[in-house]
Amino acid sequence: MYQDTCNIIEWQPVTDPETKKTTFHEVTVYENKPCKVSFGTVSPSTSGEAAEQIQTVKLFISCDINIKPGSKIVVTREGYEPVAYSNSGKPSTFTNHQEIALKLFERWS
């Protein structure tokens, strides 16, 4: 089922051991984790002009991986360039996997 891989990156405080100054940096917490990305479309109900279609993106991944809200998820699909997403909230958990709604990563909040 898992044909893709992903890296999970968090925006964390990092303290310099020499200066003791704390700054925020991207920290990779998981690397090359097997996953699957699914794409769908939603047609919002609007009146008047033709409705635009919105693409939905969902990540399927093991329940053993704790992905915090707001994390950056860089997905690599076979034959494609890696794409950075952010998770949009709490995952839906099931017996064998979890599902996380994704959106394209814009910036750290």
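What percentage of the 109 residues in the protein do buried residues make up? Buried residues, those under 20% relative accessible area with a 1.4 Å probe and protein chains only, make up 27%. This is a predicted model, in which local features need pLDDT of at least 70, side-chain atom pairs count only at pLDDT 80 or more, and totals for chains, interfaces and linings use all residues. Residues are numbered from 1 along each chain as its sequence is written, and side-chain values use heavy atoms, with hydrogens and water left out.

The C-alpha atoms occupy a box of roughly 60 × 35 × 30 Å along the principal axes. The protein contains zero helices and seven strands; helices (H or I, at least four residues) and strands (E, at least two) are DSSP runs, numbered from the N terminus.

Strand 5 (residues 83-87) pairs with strand 4 (residues 72-76) in the antiparallel sense through four bridges; pairing requires that DSSP find at least two bridges between two strands. In this hairpin six residues lie between the strands, and Gly-79 takes a positive phi near 85°. Strand 5 also pairs with strand 7 (residues 98-104), again antiparallel, over three bridges. Tyr-85 of strand 5 stands opposite Ile-73 and also opposite Leu-104 in strand 7.

Strand 5 and strand 7 each supply at least two residues of the lining of the largest pocket. Among the lining residues are Ser-86, Asn-87, Lys-103 and Leu-104, together with Trp-108.

Definitions and conventions
On a 1 Å grid over the protein atoms alone, a cavity is a set of points where a 1.4 Å probe fits but cannot get out, and a pocket is an open set with protein on both sides within 12 Å along at least five of seven lines; lining residues have an atom within 4 Å of a point. Buried means under 20% relative accessible area, exposed over 50%, partly exposed in between (1.4 Å probe, protein chains only).
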